Amino acid sequence: MTRRTPASADVQAVLFDSGGVLMRPIGGRWNPRADFEETVLAHDPSITEDRFAEAIAAGDQFFAALSSTPDYDDYHRVVLRNLGTEATSQLLAELRREVPVERVLELYPDVLKTLEELSRRQVRMAVVSDAWPDLPGLHAALGIHHYFEAYAISAELGCNKPDPRMYHHASTALGLPPSNACSSTTIPTWFKRPSTSVMRGVRSTGTPCSRTLLPSRPSRH
């Protein structure tokens, strides 16, 4: 089968700038997981919504003070301590137990439509994300992993966005120079009707993707 060229010869790939631009937590909260309250209440049914809110806010502060991804048990200990609940080994195990992805995550409504259209136009795709190593598995469970040829994940690479090494890892994996890869935060001129939340909140400037200017050299740091 003959490979078709995208509408713009300069546009060969889209780097999705985070895994969260594709999916969202059910209920609108990434941390703690959507089943957190249900799990903790099974151990202490006296905890009120206000106490949960205060403890989760303390967990947010814990995350914000860190420069790298924490161990999830450490995070849960912080939240549980603020709840006044003992972080027993049993409770910690229950909080990190595997649950079906669809219980806690969902795709934005028009993600599949967008990925299908980009794939139809022979645009190659990768993900650049400050995320955990299990991101590809989450995408697989939600049925979108096969669209992406590469993942640049901070927890694996040891650096975070906007470090140029993140973007270089993705573009190198695709075998393309950074100038031929567009960030999903910029709407390509050839994507005429970007109705998707994948590209939400960004105006089309009429600028070709090749002018997005992802860093051309990796950082020395």
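Trainee: What percentage of the contacts in the protein chain with a separation of 6 or more comes from residues 24 or more positions apart?
Mentor: The model is a predicted one. Contacts in the protein chain with a separation of 6 or more form the total here, and residues 24 or more positions apart account for a share of 70%.

Trainee: In what order do the elements of the protein chain run from the N terminus on?
Mentor: The protein chain has eight helices and six strands. Of its 221 residues, 43% count as buried. Read from the N terminus on, the order of the elements is β-β-α-α-α-α-β-α-β-α-β-α-α-β.

Trainee: Why do the buried residues of helix H5 lie on the same side of H5?
Mentor: Helix H5, residues 111-120, has as its buried residues Val-111, Thr-114, Leu-115 and Leu-118. In an α-helix there are 3.6 residues a turn, so residues three or four places apart point the same way.

Trainee: Which residue just after H5 takes a positive phi?
Mentor: Just after H5, a positive phi of about 65° is taken by Gln-122.

Trainee: Which element gives the most to the largest nonpolar core?
Mentor: This core has 25 residues, of which Phe-16, Leu-22, Leu-115 and Phe-148 touch the most other members. Two or more residues come from each of S1, S3, H5, S4 and strand S5 (150-153). The element that gives the most, with three residues, is H5.

Trainee: How many residues are in the second, separate core?
Mentor: In soluble globular proteins, nonpolar side chains tend to be buried together. Here the second, separate core includes Val-40, Ala-55, Val-79 and Leu-83, and its number of residues is 13.

Trainee: Is His-76 buried or exposed?
Mentor: His-76 is found in helix H3. Leaving aside neighbours within four places in sequence, His-76 is in contact with Phe-36, Leu-92 and Leu-95. Its relative accessible area is 4%, and buried means under 20%, so His-76 is buried.

Trainee: What distance separates the C-alpha atoms of Ala-150 and Leu-174?
Mentor: Ala-150 is found in strand S5 and is buried, with a relative accessible area of 7%. Beyond neighbours within four places in sequence, Ala-150 is in contact with Met-125, Ala-126, Val-127, Ala-170 and Ala-173. Ala-150 and Leu-174 are 24 residues apart along the chain, and their C-alpha atoms are separated by 6.9 Å.

Trainee: Which residues that line the largest pocket are the closest to its centre?
Mentor: The space in the largest pocket is about 1,200 Å³. Of the 43 residues that line the largest pocket, the closest to its centre are Asn-31, Tyr-72, Trp-132, Asp-134 and Leu-138.

Trainee: Which element supplies the largest share of the lining of the largest pocket?
Mentor: The lining divides into 22 nonpolar, 13 polar and eight charged residues. Strand S2 (23-25), helix H3 (72-83), helix H6 (135-141) and helix H7 (154-157) each supply at least two residues of the lining. The largest share, three residues, comes from H6.

Technical notes. Residues numbered from 1 in each chain as written. Predicted model: local features only at pLDDT ≥ 70, side-chain atom pairs only at ≥ 80, totals over all residues. Heavy atoms only, no water. Buried < 20%, exposed > 50% of the residue type's maximum accessible area, 1.4 Å probe, protein only. Helix = DSSP H or I, 4+ residues; strand = E, 2+ residues; numbered from the N terminus. 1 Å grid on protein atoms, 1.4 Å probe; cavity = no way out; pocket = protein on both sides within 12 Å on 5 of 7 lines; lining within 4 Å. Points joined across faces, edges and corners; volume = space filled by probe spheres on them. Nonpolar A, V, L, I, M, F, W, Y, C, P; charged D, E, K, R; others polar. Core = buried A, V, L, I, M, F, W, Y, C linked by side-chain atoms within 4.5 Å. Contact = heavy atoms within 4.5 Å.
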